[in-house]
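Work through the exercises below with the model open. Try each task before reading its solution.

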Amino acid sequence: MPVVESSIVVPVDPATAFAVSQTTGATRLRWDPFVRRQRFLDDAVAPARGVRTLTRHTSGLTMVSEYVSYAPPTNVGMRMVTGPWFFANLAGGWRFKPADGGTLATWKYSFACRPAWLAPLAERIGARVLQREIDRRIAGFARGCADPVVLAEVRAGA
């Protein structure tokens with residue numbers, strides 16, 4: 001199963017970095033280049049293990065994902081429940097740990113493609129595409145961790 005990963009040190013403590021990663025609405029859209037729209041499902045109002053979200057990518061693709069772990073301020077994990085036809089599965093995990101100058105944020109995605117006969121080629125292409133996406137996304141996250149508007153929103157909600 002292919003895995004893509006990206007890490008960056010952000011100039012905030014782990015709790016703040018974790019909170020930025022879990023922002024929603026307009027605050028999320030300020031930093032996350034991946035998300036066009038995102039909302040909780042099943043009457044959920046906050047992230048937690050078992051909570052599902054509907055996410056629309058900037059390309060228009062949609063995915064329902066579920067939190068499989070939620071452990072502030074150190075990690076969060078999600079898995080795709082339904083999504084683009086070409087993914088047999090997709091999962092992601094974000095980890096946050098203290099580092100010199102702030103927090104080391106590491107984001108990792110694993111996936112498998114279908115149909116099986118095309119998977120070897122599709123997964124090589126997918127790894128390149130997802131690597132670009134995760135690198136852009138973590139760079140946006142770093143901008144969010146330095147954005148006074150995002151930080152004010154996170155601190156107001158703490």
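**Exercise 1. Helix packing**

Task: in this predicted model, determine the handedness of the crossing between helix 1 and helix 3.

Solution. Helix 1 passes helix 3 in a right-handed crossing. Next, find the residues that touch. Helix 1 contributes A17, V20 and S21, and helix 3 contributes F141, G144 and C145. Now take the geometry. The axes lie 10 Å apart, and the packing angle is about 120°. Angles of 65 to 115 degrees would count as roughly perpendicular, and those over 145 as roughly antiparallel. The two helices are therefore oblique to each other.

**Exercise 2. The core**

Task: identify the residues with the most contacts inside the largest nonpolar core.

Solution. This core has 32 residues. Those with the most contacts inside it are V10, V20, L90, F96, W107 and F141. Next, trace the elements. Those giving two or more residues include strand 1 (3-10), helix 1 (14-21), strand 6 (87-99) and helix 3 (119-146). Helix 3 gives the most, with seven residues. Then inspect F96. Beyond its neighbours within four places in sequence, its contacts include A17, F18 and S21. W107 and F141 are also among them.

**Exercise 3. Residue Q22**

Task: decide whether Q22 is buried or exposed.

Solution. Locate Q22 first: it sits in the loop between helix 1 and helix 2 (25-31). Its relative accessible area is 11%. The cut-off for buried is under 20%, so Q22 is buried. Now list its surroundings. Leaving aside neighbours within four places in sequence, Q22 contacts R28, P47, Y67, Y70, V76 and W94. Finally, check polar contacts. The Q22 side chain makes one with the side chain of S21, at 3.2 Å.

Terms used:
Residues are numbered from 1 along each chain as its sequence is written. This is a predicted model: local features need pLDDT of at least 70, side-chain atom pairs count only at pLDDT 80 or more; totals for chains, interfaces and linings use all residues. Side-chain values use heavy atoms; hydrogens and water are left out. A nonpolar core is a set of buried Ala, Val, Leu, Ile, Met, Phe, Trp, Tyr and Cys residues joined through side-chain atoms within 4.5 Å. Buried means under 20% relative accessible area, exposed over 50%, partly exposed in between (1.4 Å probe, protein chains only). Helices (H or I, at least four residues) and strands (E, at least two) are DSSP runs, numbered from the N terminus. Contact means heavy atoms within 4.5 Å. A polar contact is a pair of N or O atoms within 3.5 Å; within protein, one must be able to donate a hydrogen and the other to accept it, and residues adjacent in sequence count only if both atoms are side-chain atoms. Axes are lines fitted to C-alpha atoms, for helices over the stretch in contact, and angles run from 0 to 180 degrees between N-to-C directions. Angles under 35 degrees count as roughly parallel, over 145 as roughly antiparallel, 65 to 115 as roughly perpendicular and the rest as oblique. A crossing is left-handed if the near helix is turned anticlockwise from the far one by less than a right angle, and right-handed if clockwise.
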